[in-house]
Amino acid sequence: MRTLIVGIMAAILLASCISPAYGGTRHGVFWQGANQTDWTTAEIQNQAQKLQGTGVNWVVLEVLWTWSEPNGSTPTPQGPQSYFGPTVQAWHNYNFVVLDQVVNEMRARNI
């Protein structure tokens with residue numbers, strides 16, 4: 001699956017490098033599953049470094065709900081990223097660790 005995602009990212013990136021929108025010099029990429037919970041810190045840093053090397057100016061991070069809230073709501077908060085839901089009257093316990101790492105790596109490279 002990861003090979004497919006990287007391949008799609010490379011195709012999009014290549015297309016945007018060849019013909020930037022509106023004749024400009026800015027280009028970006030869509031990162032599918034940016035909060036995928038099995039990304040390691042080294043993998044995130046490696047991907048960010050590769051993106052920086054291409055001259056990407058921006059990245060769209062797709063966030064998948066099932067990775068953000070892997071376990072359903074609970075009657076009590078389970079940690080610092082727990083929020084009481086407005087629709088479901090229970091605590092939603094989110095995991096944004098990987099997404100935070102991705103965002104920090106992009107920001108560190110001015111992407």
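How close do the axes of helix H2 and helix H4 come, and at what angle do they cross? The views below show a predicted model.

**View 1. Helix H2 crosses helix H4 in the predicted model.** The two axes come within 9 Å. They cross at roughly 30 degrees. H2 covers residues 41–54, and H4 covers residues 97–108. The crossing of H2 and H4 is right-handed.

**View 2. Residues of H2 and H4 form the contact.** H2 contributes Thr41, Ile44, Gln45, Ala48 and Leu51. From H4 come Val98, Gln101, Val102, Glu105 and Met106. Sorted by class, the contact of H2 with H4 has six nonpolar residues, three polar and one charged.

**View 3. Glu105 forms a salt bridge with Arg109.** The closest N and O atoms of Glu105 and Arg109 are 2.5 Å apart. Both residues are buried. The salt-bridge count comes to one. Glu105 also takes part in the contact between H2 and H4, on the H4 side.

**View 4. Trp65 and Tyr94 form an edge-to-face aromatic pair.** Five aromatic pairs are counted. In the pair of Trp65 and Tyr94, the centres lie 5.7 Å apart, with 90 degrees between the planes. The pair links distant parts of the chain, 29 residues apart. Trp65 belongs to helix H3 (residues 65–68). Tyr94 sits in the loop between strand S4 (91–93) and H4. Tyr94 has a relative accessible area of 18%, under the 20% cut-off, so Tyr94 is buried.

**View 5. Tyr83 and Tyr94 form a tilted aromatic pair.** Here the distance is 6.1 Å centre to centre. The angle between the planes is 40 degrees. Tyr83 lies in strand S3 (residues 82–84), while Tyr94 is in the loop between S4 and H4, so the pair ties together parts eleven residues apart in sequence. Tyr83 has 44% relative accessibility and therefore counts as partly exposed, a class that runs between 20% and 50%.

**View 6. Ring pairs link four aromatic residues into a cluster.** The members are Trp65, Tyr83, Tyr94 and Phe96. Tyr94 pairs edge-to-face with Trp65. With Tyr83, Tyr94 forms a tilted pair.

How values were computed
Residues numbered from 1 in each chain as written. Predicted model: local features only at pLDDT ≥ 70, side-chain atom pairs only at ≥ 80, totals over all residues. Heavy atoms only, no water. Axes fitted to C-alpha atoms, helices over the stretch in contact; angles between N-to-C directions. Helix = DSSP H or I, 4+ residues; strand = E, 2+ residues; numbered from the N terminus. Left-handed = near helix turned anticlockwise from the far one by under 90°. Contact = heavy atoms within 4.5 Å. Nonpolar A, V, L, I, M, F, W, Y, C, P; charged D, E, K, R; others polar. Salt bridge = Lys/Arg side-chain N within 4 Å of Asp/Glu carboxyl O. Buried < 20%, exposed > 50% of the residue type's maximum accessible area, 1.4 Å probe, protein only. Phe/Tyr/Trp six-rings, centres within 6.5 Å; stacked < 30°, edge-to-face > 60°.
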